[in-house]
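Hello,

Here is the structure I promised to pass on to you. Have a look at it first, and then read on for what I found in it.

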Amino acid sequence: MYIQLTTAKTVALLALLLVMATALFMTWKLKMSWYGTTPPFYSLELMMRELALRTRYSFERTFIYATQTASAGSVTLADTQTFEREHTEAVSAYAIPVLTYHRISKSENDFNNVTTKNFRDQMYMLKNAGWETVTLREFEEFVRGERSLPHRSFLLTFDDGAKDSFYPVDPLLKTLGYEAVIYIIAASAHTPESTYYLSPTEIKRLLATGRWEIGSHSYDGHRPYSGDAQGSSAIFFADKLWVPDAARIETEAEFSTRVHDDLSRAREELEQEFNVPINTFAFPLGNETGIQGTANFPRGASITEQTARSLYDIGFLQTNNQDYTFVEPNNSFIARRIHVDHDWDGERLLEIMENGIEKELPWSDRFERNRGWIPAWGSLDLGRNNLTLRALTDTSSASTFLDGSASWDNYSFAASAQWSSGTMFLLADVRNAKTYHACVFSDGEVSIQKTVAGETAILERRAVDAITYGPAVHAGIRVHGAVIECLWDYASVLESYERTATGGIGIQVWNPELGAASLQVSEVLIRDYDATTTPNTP
């Protein structure tokens, strides 16, 4: 076939090729400036996903869309002022929560991460209830006691530096006026053509939004390591690792040096590359213990914490059942975060957040639902107008304490219970699950105990014939000034003048027979202490 190219056709063809080349160049330049080393086709997928979400959330804001999930019912964006609402509460927060996520997943079958649908529902629910994010600087100043923050303030964080922590999230942050922090694994950010980790280019674009901050999630301490010759899994920050060339596990000195080098290198490289201060560290795997690893070095966790403390201002761990869910301004290095589970909808998360807010006295509970009781150990069953504590089959006790009560001081705590065996504890001045004062009721006897970090001392003890098992007993504890009082049937039966702390309330039960401890509480009432009144009754 013969093709005759005239001058006009040649010029047109060259112009077309130039336009195509220019378009390809501009597309490649845009791809490199926005997505860095991310593979081209995956960059296109990210762009389309981000564009779709920005369009959707912009539409919802403009037209005051009503959001809903099948499990949580509906959440209505009442008016555009919902998005612009500022804190108006005069009283500052006693403590604030920190939320942590990893990836925001498209899959309903991802049981490790929250779905885009649930995350959207959660953020809308929090916004409508008046919750607002704070920056890292505001959080740090709050923890040090240098700044007050309004009620319903929270810090929003993401771990691992994954693309799915940014692209599905940023459009919603922009819509709601929220801010967040993402914790970067410094070495992983340089993974060639990664479809999982954010590239340095993407992290710079993230920071340029003004909605995001970054912190350290280690230099390279998040991936699997070996703890012995057989390749058993080990945790970088808790276990001694296997040294193949020497055919042995590392020494304590080598462990300490390795941990220090990783933590210091992470901070140094993140600060240099992104020109931002890196003052906080999120412990990989949510905590610094070796429970999930070979656990061949019991001191490893504490060495890591001490090292991190020397390099960073705050170290983030996940919450557990031993501590309150919110962070107080106590100038502590460790701050606990609430890990949001994959199956939480907006209503579930909002309930947990509201339950952690400082509770005002007087406060009572008949247990129609859980209003913040944390099961420290054992089994906790709430509902049907009862709180039931039971020991597990291989344990002798069960314990619970009340979230949002940490700020209480000088109060009376009374409980009505069905008590048929074992020993009943009413806790006051609870700092955490293992630090508190307690009135301990046994059949025919009462004692006052002081427990600090799990170590218990008896302050006072007395035989009281009136203290007996029954289907409807009335026990109490009062704390005021330096005094701890135990009450039975609304009368004071024992006192101690060795009170040394303040805090919230809790309940325990103990029985020497494994699995036998059980206690059912029907009502509690907590009131401000008033020396001029008679003992409080539920």
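Let me start with G372, which lies in the loop joining β17 (363-365) to β18 (373-377); strands here are DSSP runs of E with at least two residues, helices are runs of H or I with at least four, and both are numbered from the N terminus. Before going further, please note that this is a predicted model, where local features need pLDDT of at least 70, side-chain atom pairs count only at pLDDT 80 or more, and totals for chains, interfaces and linings use all residues. Residues are numbered from 1 along each chain as its sequence is written, and side-chain values use heavy atoms, with hydrogens and water left out.

G372 has a relative accessible area of 6%, so it counts as buried (under 20%, against over 50% for exposed and in between for partly exposed; 1.4 Å probe, protein chains only). Apart from neighbours within four places in sequence, G372 has contacts (heavy atoms within 4.5 Å) with N355, F401, L402 and D403. G356 is 16 residues away from G372 in sequence, with 6.6 Å between their C-alpha atoms.

Helix α5 (residues 136-143) is worth a look too. Because 6 of its 8 residues are buried, α5 is largely enclosed by the rest of the structure. The buried ones are L136, F139, E140, E141, F142 and V143. After α5 comes G145, with a positive phi near 80 degrees.

As for the whole chain, it has 10 helices and 31 strands, and 50% of its 538 residues count as buried. Among contacts with a separation of 6 or more, 68% are between residues 24 or more positions apart.

Enjoy exploring!
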